[in-house]
Amino acid sequence: MDGKSRDPARISTYLRREWRPLLIVTITGILYNIGMIAGPWFEGQMAQCLADIIGGSKTAHDMAVLALLYAAVIGLVQGSRFLKRLYVRKFANHINRDMKKNIYHNLVNGGLSAKNGENQGSLMTKAVDDVDDCVEGIRKFTTEIFDTGVVMIAYIAMLLHYDVRLTLIVLIFPPVTYYIANKLKKPVTESTKRARVSMEHLNEATMDRVSNALTYRVYGQEENRGILYEQYLQDYERKSIRANIFTTVMQPLYQVISLTGALFIILLGSRNVLGTGWVSWNIAAFSTFIACYGRLSEKSSHAAKLFNAVQKARVSWVRIEPFLHEMPDRQQKIADPAVLTVDDVSARIGQRVLFEHVSFTAQPGQIIGITGAVASGKTIFGKMFLPDAQADLEDSGTISYGGAALSQLAGDQISAVGYMGHQPELFSGSIADNICMGREGDLDEILQCVCLDTDLAQFPDGADTLIGGSGARLSGGQTDRVMLARTLYHERPVIVLDDPFSAVDPKTESRIFANLKQRADRHHLIILLISHRLAMFPQTDGVLFLDGGQTMYAPHGRLYRESGSYRRIYDLQTKGGTCDA
């Protein structure tokens, strides 16, 4: 295949990849939908047989044979339908999986969230929802190609067989349905887009109201925020109802328009039965024709509904297409264990010095603790190991791994350093989705390492439990551990953990730290542990203390003896009281 045929930002790529289930869908779809014309034909024959029984030319035995044959044919047809629907679902599920894998990989490894200036968890939640909408449109389109397209051709062929002129008359009405649906294309697209934007605003307002409830109450703004929230809610309800009118309520109208042709069948078809029409019909022909047209009209209305679904899918595809472009797979470029060297690193923002002359080395298997007062630059120091430095940050010095400066590793840098930020960035998938991010593998060891296995045993679906937007269904400690599990699952030789224990109880913190030490030693990892909680720092291999622009790096024991500030913070936390570092 050429490059375009493998481009994950082209729908044709997914169709080619799933050619086997698509082939089964094609074969069974053709068999099922051509077989659908057997229903109207048998119904007409049974109506004629009943008339003949009343007339005395046939017996109940003839009706029984016809009914059994009808049941056997319909059984074969429905068997084909079952296989078609099964493989359509498999086909759609595989596309859904592959699209999400690409998005997970690109958002995590490609830095796309930073480029878009949006929280990664929020961005991924929207992207996952858009994938579901897009794939649902692909599934409906694939299904209706056969259930609507092929069967409509079969029905039209049968109608033409019975009466060409009457068929041409009644076929005027289904295109009217398509015309109306096409005219509604723009309103459908715009109303769906407006409803989605309104839903995003409502979600943001909901999170703001919950997160900042205490602040609003203290400053007497609770009622004002409540009024604003109601406005967002009413706006969403209004726009959602309008979108549903176009996508749902219009369906009966489409069906009424399509069925208008039945009036002409009754008028002109009855003349055919009486021998005064264009062709000569018996009861079987009349019954078959009107039953066939009824099914054709129903399928026509489905086609109009499908058109609306495809428009919705196109809107979603436009949004996710930028996140699907293939990016370099850096997962395979992880460097061998080596020494991490921080050499005379300083940082300032404007005139404010955050820290100066930070120097230390870390060997594979070591955990280095990093702490300091609030706003001392701990988080900024951790982010200096990542590709995208803060725009207004002035820094100097060198951070190198294995003798090569991180700033010179370019595209390989992300392969050497893993990072867990202190802001939760979860999306509305399952726990497993948030950890694996499209990469297949066993989760059990990681879940045990972060002490999440006992929590999942209480969840109804274990690791497959859906967590809602931004992990709304998880506690703070569970959210931290899911993020930590994600970082460890996508293991790098150097791992920066920014405040991973902020919402974890001390007993669990101790267990996780012990597991991290074992993992670091076994996998030859270097872990930089940024934390304001110092209970575990005596077990680290070194501590970097940031203190008002001044820095000191030493083992915990020496730092405790020589730094009064560090000793005060540690004593307050471990011997009574608390003190945020």
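How exposed is Asp344, by relative accessible area? Asp344 is partly exposed, at 35%, where buried means under 20% relative accessible area, exposed over 50% and partly exposed in between, with a 1.4 Å probe and protein chains only.

## About the model

This is a predicted model, in which local features need pLDDT of at least 70, side-chain atom pairs count only at pLDDT 80 or more, and totals for chains, interfaces and linings use all residues. Residues are numbered from 1 along each chain as its sequence is written, and side-chain values use heavy atoms, with hydrogens and water left out.

## The chain as a whole

The protein chain has 23 helices and ten strands; these are DSSP runs numbered from the N terminus, with helices being H or I of at least four residues and strands E of at least two. Of its 581 residues, 45% are buried. Among contacts with a separation of 6 or more, 77% link residues 24 or more positions apart, a contact being heavy atoms within 4.5 Å. The chain exposes about 28300 Å², and carbon and sulfur atoms supply 56% of that; the areas come from the Shrake-Rupley method with a 1.4 Å probe, and for residues only the protein chains shown count as cover.

Let's go back to Asp344, which sits in strand 1 (residues 340-349). Although Asp344 is not a glycine, its phi is positive, at about 55°.

Cys451, also not a glycine, has a positive phi near 60°. Its place is the loop between helix 18 (444-449) and helix 19 (453-456). Cys451 counts as buried because its relative accessibility is 3%.

Helix 3 (residues 38-55) has 18 residues, which should span 26 Å at 1.5 Å a residue; the end C-alpha atoms are 25 Å apart, in agreement. The expected span is 1.5 Å times one less than the number of residues. Buried residues in helix 3 include Pro40, Phe42, Gly44 and Cys49. Just after the helix, Gly56 takes a positive phi of about 90°.

Thr288 belongs to helix 13 (residues 283-320) and is buried, with 0% relative accessibility. Beyond its neighbours within four places in sequence, Thr288 contacts Pro40, Trp41, Gly44, Met158 and Tyr162.

## Helix 20 beside helix 21

The axes of helix 20 and helix 21 (residues 506-523) come within 13 Å and cross at roughly 0°. Axes are lines fitted to C-alpha atoms, for helices over the stretch in contact, and angles run from 0 to 180 degrees between N-to-C directions. The crossing makes helix 20 roughly parallel to helix 21, a label for angles under 35 degrees. From helix 20, Arg481, Leu484 and Leu488 meet Thr508, Ile512, Leu516 and Arg519 of helix 21. The residues of this contact divide into four nonpolar, one polar and two charged. Here Ala, Val, Leu, Ile, Met, Phe, Trp, Tyr, Cys and Pro count as nonpolar, Asp, Glu, Lys and Arg as charged, and the others, Gly among them, as polar.

Gln478 is also in helix 20 (residues 476-489) and counts as buried, at 12% relative accessibility. Leaving aside neighbours within four places in sequence, Gln478 is in contact with Leu452, Asp455 and Phe459.

## Tyr419 and its contacts

Tyr419, in strand 6 (residues 417-420), is partly exposed with a relative accessible area of 24%. Tyr419 and Val496 are 77 residues apart in sequence and 4.8 Å apart in space, C-alpha to C-alpha. Not counting residues up to four places away in sequence, Tyr419 touches Val496 and others, including Thr379, Lys383, Thr487 and Asp498.

Methods. Parallel < 35°, antiparallel > 145°, perpendicular 65-115°, else oblique.
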